[in-house]
Amino acid sequence: MTTRLFGEPVQRREDARLVTGGGRYLDDLGAGALAAAFVRSPHAHARILDIDVSAALDVEGLVAIYTWEDLPGALAEPLPLLIPHPALTHGRTAYPLAKEIVRHVGEPVVMVVAPDRYLAEDACALIRVDYEILKPVVGIEEAAGGAHLVHEDVPGNVGAHLVQEVPGHGGVPAREAVDAAPHRLEFRLDIERSACTPLEGKGVYARWDADDGSLRIYSSTQTSTSVRMAIAAKLGLPLPKVEVVAPDVGGGFGVKIVHPWPEEILVPWAARLLNREVKWTEDRREHFVSSSHERGQVQRVRAGFDDDGRVLGLEVEILHDHGAYTPYGIIVPIITSTQLLGPYKVGAYRVEFSSLYTNTVQVTPYRGAGRPQGVFCMERTMDKIAAYLGKDRTEVRAANFIQPGEFPYDQGLMFQDGRPLIYDSGDYPEALRMLKELIGWDSFAEDKARAAAEGRRIGIGVGCYVEGTGVGPYEGGHVQITSDGRVHVSTGLTSQGQGHETVFAQIAATELGVPIEKVSVVTGDTRRFGYAVGTFASRAAVMSGNAIALACRKVREKALRIAAEALEADPRDLEITDGTVHVAGVPSASIPLATVAVLSNPLRYAFDEEARRATQFAGAGSDDRPPVAEGEEPGLEGRDYYSPVRSTFAAGMHAAIVETDPDTAEIRILRYAVVHDCGKLINPMIVEGQIHGGVAQGVGGALYEKMAYDEHGQLLNASFMDFLMPYATEVPHIETAHLETPSPLNPLGIKGAGEAGVIPVSAVIASAVEDAEGIAIDRMPISPSDLHHLRLER
């Protein structure tokens, strides 16, 4: 078979194991381990007056009960603030167990350990916590008012405030550019709060080895190496004595990149303290009330533009709800404020955001990570300009596009990675042309007229975006070819269904010239690779993919050098095909990679048949094997790291046709089309799968999903019975086309694709519903009830 697999739609190698029940998720592990459970705050804001555990002590088999007062040393300190920023002047993080005050429903207060979860929950139910109820701050408007505070030492509930401005031509500030423009618009936009809700919640299983003082933790995480470092630091253990393994992970979407979660240090601490295996798995309600949310923002926009719809000045003020704590800093509003510009040249731009505390679950990145809010803002702006001028919506977008010859294009802002927001490549006019052709944009007016004649309301919408992907600082890869000819690839970041086992094997097979069946891939296991950053921000393929390619090239170079000695040939004349090194054009002059692997590790004795053949091949006795080159390690393996100059920027454009029911206001998606550019495609089938999954989540965010808090800070829909999600019946068939503009910033020319599908969906659906109804859609998600009320207000 061919070994040129890069770019081929290879079937996912992990699927057979997963769909036949061979997966090993966190809760599949640790049979017989003690179980942990938590007493969580029932109040959004309260002072803890007393914790009475006496009634729980009679629970049969009870092992331990812990409160904050039981936590030693660093464990009793607040959890780390992972990504500080100068604008985050009042960053706050929670304690592993609440100390004195709880600030959202679901905050952990007491940890119980028992022989099983049932007994642990029984004990939790008997623990009495007395609270003094405090006034909760719920919602962006109340937080911005500042009448009541989430943290007493944070004035106005403002955790962070940041302004970025790029002046227009001649240094004209954005405000002046807007004021001087021939046409101006001002409006407000709202995006509701939602959440990741992966099918598998969080979970931790720990076992302590008292004999050698080592700790192994299994965690359903997106960053095993960082969890490892956090646990070692918090528990005062040497890093080499801590191992963290991410087993099969049933979805992450961002919520599992936070580290450490309180449970990720409390469970290992208890395992060590008790010298017993301890496990905790999150139930669904726990996930709703204690795991991160995202999306909630209010945006106020002023736009100035000319007769052609070109934006001359843009001012955006954003109020961002970051919940009760800021463990992940202000990454989300930073991304919103910078990625808002999309594929457009804006004459002058000023963005200001305030990130606010509320008595709700903390906010950290959820698939899209601030981009859906930014795209909603910019694409609504483009639609409003088109409506004001009476122009086609795609014409206004085209008038503002960055052109292919203008790359690299500097937007003049600082991106989330602290580096300049410089787009590396793209062809936005071509992407729009492809999208219009795919959805039938130019002929839609006729379709709409025919539908209207039948009493039906249909509309078409469009949305464009640019996505920063492959953020640093680094990822690494290790590649080893063993004496059986197998290739073992490992990288430190984790997998949650992205197809890493397949795409990383494709890269290695292509680079090394071996059949993909010979390649195995391990991710998220600190025993195999100890240093990594994590899986988030559409970075895995760009970062680990390039690191693995570089490691393979080291191995290939060494293999060719060793083979050249054995074949008495010039390394430059050698090729590797199907796992065999041969002289180009002379297939008979060859040596298997398995033999090369043996020759790379000269020993006194030949332990197996392959080694004996290698010895004979080399034409020497075992004592006279070719020595390892000076300064070179034995073995046919290599390790390398990839660190980017800056982020790569993928792009895409979506369009949808929707129908709104005249009586029930139900919104149905009739067609959905996507044109996507993530540079060179490693595996088109997997990219399409990523897009389809992202669009499905985007449909949820546009039409269904909403975290409904009441004025007391109680989450009213904290179950899958009440939290609306799209089923397969609500997700349309997705038509896709791919545009490839390779990135010049990395060896493989690739960009990220993991979050692309979700990013513009709310903007696209709003645009389509607005076209169908003739009503401004400025708040998402939009339900049939919302649309009905808008009709009444018209």
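Mentor: Let us begin with the division of the chain. In this predicted model, the domain assignment gives domain 1 (32-134 + 202-281), domain 2 (163-195 + 292-471 + 645-793) and domain 3 (473-642).

The structure contains six cavities of 30 Å³ or more. The largest cavity holds about 210 Å³ of space. Its lining is made up of 21 residues, and those nearest its centre are Leu79, Ala94, Trp261, Pro262 and Gln362. Sorted by class, the residues of this lining are twelve nonpolar, five polar and four charged.

The classes in the lining of the second largest cavity are eight nonpolar, six polar and three charged residues.

The backbone of Arg295 has a phi near 90°, which is a positive value in a residue other than glycine. For comparison, most residues other than glycine have a negative phi, and most peptide bonds are trans.

Ser538 also has a positive phi, near 45°. Ser538 is found in the loop between strand E23 (519-523) and helix H14 (540-567). With a relative accessibility of 10%, Ser538 counts as buried.

Phe407 and Pro408 are joined by a cis peptide bond, with omega about -5°. Pro408 sits in the loop between H10 and strand E18 (409-414). A cis peptide bond also leads from Met780 to Pro781, where omega is near 5°. Pro781 sits in the loop between strand E31 (779-780) and helix H19 (784-793).

Helix H10 (residues 393-400) contains Arg393. Is Arg393 buried or exposed? Arg393 is buried, since its relative accessible area is 14%, and the limit for this term is under 20%. Leaving out residues up to four places away in sequence, Arg393 touches Asp383, Ala386, Trp441, Ile460, Gly461, Ser767 and Asp771.

Ala44 gives another buried position, with a relative accessible area of 2%. Ala44 belongs to the loop between strand E1 (34-40) and strand E2 (46-52). Apart from neighbours within four places in sequence, the contacts of Ala44 are Val102, Arg103, His104, Val105, Pro136, Asn359, His712 and Gly713.

A whole helix may be covered as well. In helix H8 (residues 331-339), nine of the nine residues are buried. Among them are Ile331, Val332, Pro333 and Gln339.

Next come the open spaces. The second largest pocket has a volume of about 380 Å³. It is lined by 21 residues, and the closest to its centre are Gly139, Ile140, Glu192, Arg193 and Asp321. Helix H3 (140-145), strand E8 (183-191) and strand E15 (297-305) are the elements that give two or more residues to this lining. By class, the lining of the second largest pocket has seven nonpolar, four polar and ten charged residues.

Finally, consider how domain 2 and domain 3 meet. Their C-alpha centres are 43 Å apart. At the boundary, 21 residues of domain 2 are in contact with 21 residues of domain 3. About 1,600 Å² of area is buried between domain 2 and domain 3, and carbon and sulfur atoms give 59% of it. On the side of domain 2, Val471, Ile682 and Leu748 lose the most area to domain 3, together 33% of what that side buries.

Methods. Residues numbered from 1 in each chain as written. Predicted model: local features only at pLDDT ≥ 70, side-chain atom pairs only at ≥ 80, totals over all residues. Heavy atoms only, no water. 1 Å grid on protein atoms, 1.4 Å probe; cavity = no way out; pocket = protein on both sides within 12 Å on 5 of 7 lines; lining within 4 Å. Points joined across faces, edges and corners; volume = space filled by probe spheres on them. Nonpolar A, V, L, I, M, F, W, Y, C, P; charged D, E, K, R; others polar. Buried < 20%, exposed > 50% of the residue type's maximum accessible area, 1.4 Å probe, protein only. Helix = DSSP H or I, 4+ residues; strand = E, 2+ residues; numbered from the N terminus. Domains from an automatic or database assignment. Contact = heavy atoms within 4.5 Å. Buried area = accessible area lost by both parts, 1.4 Å probe.
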